[in-house]
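Please open the model in a viewer and follow the selections below in turn.

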Amino acid sequence: MFRNLSVRLVSLFKRERMEQELDAELRYHVDMLTDQNVTRGMAPDAARREALRVFGPVAGVKDDVRDSWLSRFVEVAAQDIRYGMRSLRRNPGFALVIIITMALGIGANTAIFSVVNAVLLRPLPYTDGDKLVVLHHGPNIQSDPTNNDVGFSAKEMDDYRQARSLSGVVEFHNMFFNLLGRAEPERLSTGVVSANYFDVLGVKPEHGRAFVEADDTPGAPAVLILSYKYWERSFGGDPSVVGKVFRMNDKPHTVVGILPPVPQYPLEVDIYMPSSACPFRSAQQTRDNRRGRMLTAFARVRPEVELRKSQADLDILATQLVANYKDDYPRTGFGAVAVPLKDELTRDFTTTLWILLGTAGFVLLIVCASIANLLLARMVRREREISVRAALGATRARLLRQLLTESLILAVTGGVLGLVLSAFSLKLLTTFAERFTPRAHEISIDLNVLFFTLGVSVLTGLIFGSIPAFARRVDVAPALREGTRGTQSSQKIRSGLIVAQVSASFMLLIAAGLTLRSLMQVQGVDPGFKTENLLTLRADMSFDKIPLTLPQPERRQRISAYWSDFEDRLRTIPGVLDLGGSGTFPLNENEPFPRGFEREFHPLPPDTPRPQVSFRFATPDYFTTFGQPVVAGRAFQSSDTLDAPLVAIVSQSAAKKHWPNEDPVGKRIRGGPQSPWVTIVGIVADVRQQLDRSPADELYVPLRQNPLLSTTWVIHSRLPVDQLVQGVKRVAQAHDSELPVSNFRTLAEVRSSALAPRRAVVSLIGLFGLLALVITAAGIAGVIAFSVNQRTQEFGIRMALGAPRAGVLALVVREGLVLVVIGLAIGMFGAIVLTRALGSVIFAQQPTTGLTLLFNITATDSLTYAGVAAVLVFVALVACLMPARRAASVDPMIALRAQ
Amino acid sequence: MAPKSDLLQGTLDLLILRTLSGDPMHGWGISQRIQQLSKDVLQVNQGSLYPALHRLEQQGLIEAEWGSSENNRQAKFYQLTREGRKKLAEETKNWERLSSAVARVLAGI
């Protein structure tokens with residue numbers, strides 16, 4: 001019988017060798033026949049022909065032989081499966097528990113893998129997506145491509161188009177424009193791109209056409225392409241919108257195309273326009289200014305060129321540029337670095353994803369141990385059945401195969417169920433991943449995921465199946481004699497599995513605990529301002545609202561007055577207590593721009609970069625609205641107009657850093673040699689732009705002296721939000737019917753959404769931890785219950801001899817707790833080793849968000865360790881107590897008679 | 001392809017098992033022996049022997065090993081397993097019962 005199994009395995013894995021052997025075998029026969037014919041006096045040729053005739057068609061014979069291999073394999077497998085199903089049906093509860101446990105483990109892994117697959121493994125959904133790169137450009141670019149990136153100017157774009165290894169270099173920048181001519185003015189996020197942008201990315205419009213070279217020439221009629229999402233949302237997916245004309249900025253824009261539902265990089269925008277249609281990009285000043293850097297560059301590396309080669313190309317170009325335009329590149333190491341677009345889009349998510357996949361893997365390990373334990377317990381009960389089969393001549397291999405088949409049935413059923421579970425969680429996962437990467441919408445269950453699930457299920461089944469199968473020695477006689485008593489070795493393995501489960505659960509719970517504590521720490525952070533009863537909104541005036549033909553000073557005056565008027569109108573809404581205007585506000589996704597400045601009487605040594613501050617705008621009441629105290633000097637006043645001396649306010653951090661031993665109030669600063677001097681009039685307390693980052697050095701200037709087209713407003717009011725929003729819309733309409741007001745959010749919502757990524761990670765790891773805890777608790781309860789069952793007689797004797805019930809109870813509980821404590825010790829050791837090994841990862845700042853996985857706690861946070869240990873011990877205690885109480889309630893007489 | 005002989009289903013298996021009840025033999029030897037012992041009455045299409053051999057091997061009734069043949073070439077030698085021996089005894093008995101029953105019926109007419 002063992003040969004039988006081996007033939008079957010051989011037929012699976014060594015098919016080729018079997019074929020060769022069959023060839024040799026048949027050839028031998030034909031050769032012998034030929035020889036025989038030759039000895040009978042036939043000519044060699046005729047002898048061979050006759051031999052082949054007598055033998056029959058060789059190909060047909062081979063087919064028949066192969067059939068015999070296959071049919072036998074199928075027959076045996078079918079037999080095993082039939083038998084396995086029958087034996088599982090006899091114990092449906094047991095099978096169900098295993099299948100559910102398995103489904104949870106596989107579900108968790110499939111879910112996370114489907115994200116890994118979509119985000120990290122699959123190529124970008126563009127033609128040859130792997131050849132697309134982002135170019136980072138700035139000083140010392142090699143050392144930190146992300147943070148040193150200053151973008152490209154229009155001139156520099158043209159220069160880098162010379163790179164011969166790149167088949168297309170295209171630009172992108174994001175603007176907000178107002179679309180007019182519909183019921184309400186709409187503020188649209190706009191991607192301003194090169195004419196061949198979509199060609200280089202490899203995207204064809206769903207309706208209409210892409211941009212062509214002629215669209216991107218100065219004075220060409222302005223055209224728009226709509227994103228699929230915006231088209232669906234705003235036009236209900238009506239293709240007749242192609243050809244429609246809307247007013248935008250100072251001219252009519254015609255819709256020429258609609259994109260297919262592809263993920264948009266680098267960010268999701270509503271519409272696209274060619275660079276000639278953007279009033280800023282097409283201005284002569286922008287086109288001529290080598291230092292006017294505002295563009296993001298994408299490029300396609302030529303198919304035959306390696307990324308490394310194209311980098312050499314870029315380096316040469318950079319060297320030439322720096323040599324030719326010394327003044328425009330004062331800082332060292334100016335250059336461009338090509339980074340694969342795919343890496344760029346997933347960078348902030350990669351670490352989190354691998355850690356999540358790791359935790360899901362831990363869950364699967366625990367699932368594996370738990371099921372192996374259940375199977376072991378069942379093995380002991382099936383001892384008789386198995387012994388009888390062995391006695392009747394079933395070989396060890398045959399029995400092993402049977403047991404593994406049963407495990408595989410369970411594993412695959414559980415796996416399929418897990419796949420269904422994970423399919424249901426896809427929407428949730430997309431929402432989760434959206435916070436990290438624009439690739440989130442590509443998450444799906446594809447062939448890769450199916451293979452992964454199948455592979456992991458089978459592997460898991462083989463592992464949890466082979467532990468009990470191999471643990472059992474096929475000693476027929478003792479098992480038959482002993483009745484149902486389990487063997488010592490299987491008890492040891494069961495204990496070992498419990499220890500393993502507890503230690504893995506401990507590590508998982510530590511991960512959950514540490515991230516949860518970090519979240520709590522972040523939530524406890526004082527941002528430096530109030531978040532209650534504050535409503536935020538955006539107001540964006542059209543670019544051409546104040547005619548561009550006006551001289552610049554007058555235009556600034558008019559814009560300034562426009563917002564002052566708007567502010568006054570907002571104040572008339574009944575119930576408004578306070579309000580402030582700005583460019584952006586803390587906790588918002590839009591961060592203030594860093595800008596360089598210099599202090600009066602502190603000339604910078606040549607070649608030193610100017611110190612940087614976060615540049616913010618504020619109306620006079622901005623600070624009181626936020627409850628951000630002015631600690632020295634004064635706040636802005638309504639008299640700080642464009643006609644008055646220019647003033648600024650610094651934050652405490654900035655004051656401490658740049659005026660360490662003096663009072664900054666009264667000192668003067670400026671943006672650069674050509675900029676006017678600005679007097680510092682006050683110091684305000686620090687605020688945090690992000691809760692998990694320390695406050696930046698900030699510089700505030702009056703909105704009135706520095707008019708903006710796009711503003712944000714914060715309103716302090718106890719009115720219901722809906723009512724307040726209606727009020728704002730009403731006064732905005734009265735102020736300017738073409739002014740869109742949007743992004744209404746309470747500051748509490750903003751704060752909550754700022755924490756959303758962290759909360760999402762915590763909930764996922766927490767869920768895994770909970771899963772592990774439940775499975776482990778069930779495992780402990782199962783093992784102890786089983787052991788109690790086996791020792792019923794012993795307990796009966798003990799009690800008959802006078803052992804108190806409490807004594808028996810303690811005996812059983814101790815048995816369980818010993819395992820738990822050993823598991824805890826190993827888990828603690830493992831957790832310390834693991835966090836140390838991962839230390840550089842979990843405390844590393846994510847490149848763009850600056851997030852760290854752990855915040856404000858150490859990886860060996862004693863509170864977390866103690867808490868997790870306490871929870872595990874408590875749960876284990878409860879799990880032990882249930883079977884222990886049954887042991888203690890054994891009636892000695894019944895127990896003794898039972899055997 | 002089914003064997004082009006009038007042999008009853010299972011009869012070829014029985015013949016093979018019987019032939020192998022002695023020393024291990026290769027396929028060529030088995031076919032020669034069957035022809036020789038049956039005095040050429042049983043003309044088996046020789047190729048059809050092999051699917052049967054492999055089926056019996058898969059069923060664990062015979063096992064095979066590569067070895068040197070009488071003319072010093074590598075050949076696959078088959079021999080009965082313990083189960084094959086049991087099966088042979090069983091099938092022989094069945095066959096004898098069947099053939100004597102058939103003989104009796106034929107004699108009766």
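What is the order of the strands in the open sheet of 4 strands of chain A? The order is 12-21-11-22, with antiparallel pairing; strands pair if DSSP finds at least two bridges between them. Helices (H or I, at least four residues) and strands (E, at least two) are DSSP runs, numbered from the N terminus.

This is a predicted model, in which local features need pLDDT of at least 70, side-chain atom pairs count only at pLDDT 80 or more, and totals for chains, interfaces and linings use all residues. Residues are numbered from 1 along each chain as its sequence is written, while chains are lettered from A and ligands numbered from 1 in the order in which they are written.

Select strand 12 (576-582) and strand 22 (741-746) of chain A: these stand at the edges, each with a single partner strand, so one side of each is left without a neighbour in the sheet. The twist averages 20° from one strand to the next.

Finally, turn to the two chains: 24 residues of chain A are in contact with 20 residues of chain B (C-beta atoms, placed from the backbone, within 7 Å). On the side of chain A that touches chain B, helix 4 of chain A gives the largest share, 9 residues.

Note on methods:
Axes are lines fitted to C-alpha atoms, for helices over the stretch in contact, and angles run from 0 to 180 degrees between N-to-C directions.
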